[in-house]
Amino acid sequence: MTTFHVTQEGPVNALALNKDFSQVAICGRNVFKVYTIEEDKFREVCNVRASKHLNVGFSCNDVSWSPTDDHYLATAATNGHVSVWNLTKMGKAMQEQDYQDHKRTVNKVNFHASEPNKLISGSQDGTMRYFDIRVKSAVAVFYSNTESVRDVQFSPHSPYAFSAVSDNGSVQLWDIRKPEKYQQQYTAHSGPVFACDWHPEVTWLATASRDRTIKVWDLTNKPTLEYTIHTIASIGHVKWRPQRKYHIASCALVIDCSINVWDVRRPYIPFAAFNEHRDIASGVQWRGDPDIFLSSGRDSTLYHHSFNNASRPAAKANPQGLAVNNNGEIIFARKIPPFQTSASSTSSMTTPTSLAKATVGLMRKISMTQAIDQFHHASSMLQHFSHVNEMANYESESILALSKNYVLSGRSISEMCEHNSVVAREFGKPHLSVVWKIIKTMYGEEFLQNSIHAGSSNREEVAHNNINMSNISSAVIQIESTINSHRETETDQNSKASDTQAAQFSGGDDETENEDQVDNVGTYTGFPTYLNVRSGLPKGDFSFGENELDMELDSLNAGDCYFLDFHNVYRSYNHADGSDWILPNEAFPIRHEIQDRSPPPEQFPNHHHSPDLHEDTQPIYQVEETSSTLISVSKIPKKSSWDPSSLVVETLKHHAILGDIQTAACVLIVLGDCRKFLKELDEATEEHWLLGYIEMLTSYKLWNNATQIIKLAWLPSVYQLNQQSTRINTNCGKCLKPLQRVGWLCDRCHSSKYALCSICNQVVKGLYVWCQGCSHGGHIAHMKQWVSTKKMCPTGCGHLCEYG
C-alpha cells in the first residue's frame with residue numbers, strides 16, 4: 001500500500017471508519033462526506049452538505065460510525081446537538097434523530113461496541129448523555145461535576161463500563177446501569193485531559209493531556225500508572241495500534257504537525273513518525289491493519305498512510321556517547337557496525353582500541369548491551385576507562401581542599417590573598433600560590449589608597465599630579481643618593497657662589513639655618529606620604545643607572561621649577577590651592593654650571609611674569625645668586641600609570657582555558673569592588689565562570705560552598721539562583737492535598753493531626769523531621785534525642801526508625 005490523500009473545502013475535525021474498514025466518514029465546520037477507500041485513492045460516495053433540505057448549518061466536532069451497522073453515523077455539533085444519520089435514506093430523512101439535550105458544545109460521541117442502537121456523548125456542560133436511537137431523548141444522564149467532559153469511550157472489556165476524562169485532569173469510570181455516581185475517579189494529569197483510549201487486548205487506558213504526557217493506566221484493580229510518554233506538545237488524540245501491545249499513535253494540539261507512533265517502553269523518542277500534514281492532525285483511525293491507518297487534519301486533507309513510508313527518529317539517534325565522572329573515569333559508548341559478527345565483537349573486547357592505545361595509564365572494562373526489541377537496529381559497545389595512577393584522585397582532592405579552605409569574604413583583599421596563597425601552597429599548588437601573591441601586590445591596600453586619590457572630585461587633575469609625582473620622586477631619590485655619595489667634610493663654610501661652588505658643598509651654620517626654614521614650611525597633602533608610590537605598587541627601593549638622572553630631570557613637566565642650593569634643595573610647586581610641596585633639605589654638587597644667570601628674585605615680586613620670558617612660560621624661576629643655582633625644564637610628554645587589569649584578565653582566562661575554573665571564579669570574588677578595573681572582562685564571561693564553579697561544587701556535593709558562591713555573586717543571574725525553586729510543599733496525611741498556606745494545617749480538611757510531634761503530641765510549627773519508612777516524625781530535637789537511645793518508632797507502629 002502507498003500513501004495518498006484527498007483535499008477538502010475546509011479543515012477536517014474528525015474521521016470514522018465503518019466495520020469492514022472500506023469506507024471513511026469525515027466531518028468539520030464545512031465538511032461532512034463519506035469516501036470509499038480504493039487501492040490508491042479516495043472515491044467520494046456521499047456529500048451530506050450538498051443537500052439543501054437538511055439542518056446542517058452547524059459545524060461538527062466529532063463523528064462516529066456504528067461498529068455493528070454500516071447504515072448509521074452519529075455527529076457531535078458545537079451548538080449542543082447530537083445527530084444520527086441513516087445513509088440508506090435520502091434528503092431530509094437522512095437525519096433520523098437530532099438530540100438537543102446538551103446545553104453547550106458536544107466534544108465527543110461514540111457508539112456502543114456491541115449494542116447497535118446505543119451511543120453516548122460528552123459535552124462542555126459537564127454531562128454525559130446515553131442515547132437509544134429509537135427514542136427521541138436521552139435515556140440516561142451522567143453528571144461528572146466537572147467543568148467539561150472532553151472524551152468518552154466505551155470499554156471493549158465490559159459491556160456496561162465507559163470512561164470519561166475532564167478539564168480538571170481527572171478520569172472517571174462509570175457503569176451505564178448506575179448513573180447516580182461514578183465507580184472510580186482518580187487524578188491522571190496536572191492539566192486538562194483531552195483524550196483517552198482503551199487498549200483492545202488488556203485493561204489499559206491511555207490518557208492524553210495538556211501537560212504534554214501520555215499515560216497508560218492499568219485498571220485491573222486499583223488504577224496504577226504503568227507507563228508515561230513525554231512529548232513536545234499538548235496531545236489531543238491517541239489511538240492504540242492493533243496487534244502491537246506496546247504501540248500507540250498520537251496527534252498534538254499545537255506546534256507538532258506530525259503523527260507519532262510510540263513504544264510505551266521507550267517513552268522519549270517515537271517509534272515512527274509521519275510528517276505528511278502541514279497543519280495540526282485532528283484524528284487517527286487504524287484500518288484493521290497495524291501497518292495502515294488514516295488521518296485527518298486542519299490543513300483540509302485526509303491521508304492514507306503506510307508504515308513503509310514512515311520515518312524512524314530512533315534510527316537517527318546518535319548511538320555514541322561519552323561521560324566523565326569526578327574521579328576522571330570515562331564511560332564511552334560506540335556503535336557496532338551491522339556487519340560485525342558476534343565473534344568479531346568478542347575479539348574487539350580483547351583487542352585494544354585506538355582510543356585505549358592513545359590513552360596512557362588507562363585500564364579498560366568492556367560490556368555489551370543488546371536491544372530487547374527492534375526499536376532500532378543499532379547496537380552499542382560500552383567501554384569503561386579508569387586511571388591507573390592517582391593523578392585524577394589528586395586533582396579531585398585538591399579541588400575539594402581548596403574549596404573548603406579558601407577565604408572569599410569577611411577580610412581585606414590583602415588578607416584573603418595571603419591566606420589563599422598559603423592554602424594553595426599547603427595543598428601542592430605553588431603556581432596558584434604565586435597567583436594569589438600577585439593579586440595581593442596589584443590590588444592590596446596601597447592600590448586602593450592610590451585609587452581613592454584618583455577618584456577625587458577633580459579626577460583628571462589629581463591623576464595628572466600622580467603621574468608627575470612618580471617622575472619627581474624618582475628624580476629626588478637619585479638626587480639624594482648623589483648628595484650622600486659626594487658630601488665632603490672639608491667644605492668651606494664662608495665660600496660664596498663661584499665656579500668652585502658648582503662642584504663643592506658648603507655646610508655649617510648656613511645649612512642648619514636652611515634646614516630650619518624648610519622644617520617650618522607646610523607640605524602638600526594631596527599625595528601619599530611616601531615618595532616611591534607607583535600606580536598602586538607597594539613601597540620598595542627604586543634606583544637609577546649612571547645617566548638615568550639626567551633623563552628623569554629632562555622628563556619633568558614644564559612649569560615646575562627646582563631650586564638647587566648649595567645648602568638645600570627644595571621644589572616650589574604651584575598647585576591650584578596655592579600650597580607648596582617641599583623636598584627634604586639636602587645639599588648636592590651641581591653637574592652643569594649655569595653661565596647666564598637670571599636676575600635676583602627681588603626684581604619680580606609675587607612671582608609675576610618676567611619680561612625676558614615668553615607669556616606662555618609658567619611659572620617665574622627664582623635664583624638667589626649668592627646661594628643657589630636654577631635648573632629648569634621646558635617640556636615633557638605626559639606618562640600614564642601602569643594598569644594591571646589586562647594582565648589579570650589574561651591570567652584568569654588562561655586558567656579557565658586550562659579547566660581551572662575554580663581559580664578564575666575565586667579571584668573575581670576576592671577582588672570585590674576592584675572588579676570595576678577589569679574593563680576588558682565582560683559580564684557574560686564572569687557569569688560563565690561563576691556558574692561553572694557552582695556546577696563543579698554541586699558535582700562534588702559541596703552544597704554549602706555552592707550556596708556561598710551564589711550569595712557572594714554580584715550578577716543578578718547568579719545571586720538569584722537561591723531564590724528559585726526554594727519551596728517544597730508537604731502533603732496532608734489525610735487528603736494528600738499540598739499544604740501551601742502553612743505547613744501544619746490543611747486547608748481542605750482543616751486538620752493538623754498529621755503535623756503533631758510523635759513524642760510531645762504538639763503541633764510542629766518549625767522544622768519537622770520524619771522517618772521515610774513509617775512517615776512518623778516530630779520536632780527535630782525530640783526525634784534526635786529519641787533515636788539516640790531507642791530504635792523503635794515512638795508511635796508504637798513497630799518500625800525501626802533511623803536518624804541520619
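# A tour of the predicted model

Select residues 161-166 and 170-175: these are strands E15 and E16, which pair antiparallel over five bridges. The model is a predicted one. Within this pair, look for Val165, which stands opposite Val171 of E16. Three residues separate the two strands in a hairpin, and in its turn Gly169 has a positive phi of about 85 degrees.

Now colour E16 by accessibility. Are the residues of E16 buried or exposed? Six of the six are buried, so the strand is largely enclosed by the rest of the structure. In a regular strand, side chains alternate between the two faces of the sheet. On one side of E16 are Ser170, Gln172 and Trp174, on the other Val171, Leu173 and Asp175, and all are buried.

Next, go to Arg212, in the loop between E19 and strand E20 (213-218). Arg212 is not a glycine, yet its phi is positive, near 65 degrees. Its relative accessible area is 46%, so Arg212 counts as partly exposed.

Move on to residues 235-240 and 247-252. These are strands E22 and E23, an antiparallel pair with five bridges. Val238 has Ser250 of E23 as its bridge partner. Six residues lie between the two strands of this hairpin, and Gln243 in the turn has a positive phi of about 65 degrees.

Stay in this region and show the surface of Ile232, Leu253, Val254 and Ile255. Together they form a nonpolar surface patch with about 380 Å² of accessible area. Ile255 sits in the loop between E23 and strand E24 (259-263). Why does Ile255 count as exposed? Its relative accessibility is 67%, and the cut-off for exposed is over 50%.

Select residues 661-671 for helix H12. All 11 of its 11 residues are buried, so H12 is largely enclosed by the rest of the structure. Among the buried residues are Gln662 and Thr663, along with Ile661, Cys666 and Leu671. After H12 comes Gly672, with a positive phi near 60 degrees.

From there, go to Asn761, in the loop between helix H15 (716-719) and strand E36 (768-770). Asn761 is another residue to check for backbone geometry: its phi is near 60 degrees, a positive value in a residue other than glycine. With a relative accessible area of 52%, Asn761 is exposed.

Finally, colour the whole chain by pLDDT. The mean is 74, and 68% of the residues reach 70 or more. Residues 341-373 have pLDDT below 50, although the model gives this stretch 54 contacts beyond near neighbours in sequence. Residues 455-639 also stay under 50, with 251 contacts beyond four places in sequence. Where pLDDT is low, the predicted coordinates should not be read in detail.

Technical notes: Residues are numbered from 1 along each chain as its sequence is written. This is a predicted model: local features need pLDDT of at least 70, side-chain atom pairs count only at pLDDT 80 or more; totals for chains, interfaces and linings use all residues. Side-chain values use heavy atoms; hydrogens and water are left out. Two strands pair if DSSP finds at least two bridges between them. Helices (H or I, at least four residues) and strands (E, at least two) are DSSP runs, numbered from the N terminus. pLDDT is the predictor's confidence in each residue, from 0 to 100. Contact means heavy atoms within 4.5 Å. Patches are made of residues with over 30% relative accessible area and no salt bridge: like charges are joined within 9 Å, nonpolar side chains (Val, Leu, Ile, Met, Phe, Trp, Tyr) within 5 Å. Accessible areas come from the Shrake-Rupley method with a 1.4 Å probe; for residues, only the protein chains shown count as cover. A salt bridge is a side-chain nitrogen of Lys or Arg within 4 Å of a carboxyl oxygen of Asp or Glu. Buried means under 20% relative accessible area, exposed over 50%, partly exposed in between (1.4 Å probe, protein chains only).
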